[in-house]
Amino acid sequence: MAGSEVKVLGTWASPFALRVHIALGIKSVKYEWVEENLEAKSQLLLESNPINKQVPVLIHHHKPICESLAILQYIDEAWPSAPSILPSDPYHRAVARFWAAYIDHKWFTWLKGVASAEGAEAKKAALDQVREGLVVVEEAFGKCSKGKDFFSGDRIGYLDIVLGCFLGWLYVAEKRNDVKLLDEEKMPGLAAWAIKFCLDGAVKNVMPDKDELLDYANMVFQAMAMAKAKLNAPPNY
């Protein structure tokens, strides 16, 4: 597959763009990466995703596919001869999609809420919610993995990619709040899974460096705090 036939529009820090990196790596698909500046979005991005104007976007044969979960499923179907990403069994595939929706629409929302929580009490409540969500996912991991290394069994698949892309940002939340969220005692399965996931051949060369991600996050949150303080400042007559 020629690289020009497949393009990915994304940003290096986006966990959702990371999903596309990993999925294409599993399928051994060559592609062109286009780094986007979300402060000055390219015309290609605006034309490819006119509804949400967000990354990632996969462009295959000049046709754009948007939203990371839809992209993962597209990749699995467009390159069916390579290792599968979603389970082949309809029931297991439906279960995987259910937990992917839980991770994206509930758990990640709670993780984002940690950054916006104001005050010690609100911050603690937000962190507790993230931990509780991980305990739920720990139970799901036990049922899905059936004692093996990954949600998908012996190798990484759909749910591994969906959750694994957030590990860097989970680390950021831990460091910025001086807490441990992925607790080895309460979540031994997920803790062991996270290490194995990051060492996987399809992951380790595309996963952002966690300390670079932390530096980036600190810069972004500082800029947001300064902008908020400026907005709330009394007028200077």
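**Sheet, helix packing and cavities in a predicted model**

In the hairpin of β3 and β4, two residues lie between the strands, and His-61 takes a positive phi near 55 degrees. This is a predicted model: local features need pLDDT of at least 70, side-chain atom pairs count only at pLDDT 80 or more, and totals for chains, interfaces and linings use all residues. Residues are numbered from 1 along each chain as its sequence is written, and side-chain values use heavy atoms, with hydrogens and water left out. Helices (H or I, at least four residues) and strands (E, at least two) are DSSP runs, numbered from the N terminus.

**The sheet**

- Four strands form an open sheet with mixed pairing, in the order β2-β1-β3-β4. Two strands pair if DSSP finds at least two bridges between them.
- β2 (32–35) and β4 (63–66) stand at the edges with a single partner strand each, so one side of each has no neighbour in the sheet.
- Neighbouring strands of this sheet are turned by 20 degrees against each other on average, direction ignored.
- β3 (residues 57–60) pairs with β4 in the antiparallel sense, over four bridges. Ile-59 stands opposite Pro-64 in β4. Val-57 stands opposite Cys-66 in β4.
- α1 packs on the sheet and touches β1 (6–10), β2 and β3. The direction of α1 makes about 155 degrees with that of β1.

**Helix packing**

- Two packed helices are described by the angle between their axes and the distance between the axes. Axes are lines fitted to C-alpha atoms, for helices over the stretch in contact, and angles run from 0 to 180 degrees between N-to-C directions.
- The axes of α1 (residues 15–26) and α3 (residues 68–78) come within 9 Å and cross at roughly 10 degrees. That makes α1 roughly parallel to α3. Angles under 35 degrees count as roughly parallel, over 145 as roughly antiparallel, 65 to 115 as roughly perpendicular and the rest as oblique.
- Contact (heavy atoms within 4.5 Å) involves Phe-16, Arg-19, Val-20, Ala-23 and Leu-24 of α1 and Ser-68, Leu-69, Ile-71, Leu-72 and Ile-75 of α3.
- The contact of α1 with α3 has eight nonpolar, one polar and one charged residues. Ala, Val, Leu, Ile, Met, Phe, Trp, Tyr, Cys and Pro count as nonpolar, Asp, Glu, Lys and Arg as charged, and the others, Gly among them, as polar.
- The axes of α5 (residues 120–145) and α8 (residues 188–199) come within 8 Å and cross at roughly 80 degrees. α5 and α8 are therefore roughly perpendicular to each other.
- Leu-134, Val-137, Glu-138 and Phe-141 in α5 meet Pro-188, Gly-189, Leu-190 and Trp-193 in α8. By class, this contact has six nonpolar, one polar and one charged residues.

**Cavities**

- The count comes to two cavities of 30 Å³ or more. On a 1 Å grid over the protein atoms alone, a cavity is a set of points where a 1.4 Å probe fits but cannot get out; lining residues have an atom within 4 Å of a point. A volume is the space filled by probe spheres set on the points.
- The largest cavity holds about 50 Å³ of space. Its lining includes Trp-107, Leu-134, Leu-190 and Trp-193. By class, this lining has nine nonpolar, no polar and no charged residues. α7 (167–177) and α8 each supply at least two residues of the lining.
- The second largest cavity holds about 40 Å³ of space. Among the residues that line the second largest cavity are Ser-14, Cys-165, Trp-169 and Met-207. α1 and α7 each supply at least two residues of this lining.

How values were computed: 1 Å grid on protein atoms, 1.4 Å probe; cavity = no way out; pocket = protein on both sides within 12 Å on 5 of 7 lines; lining within 4 Å.
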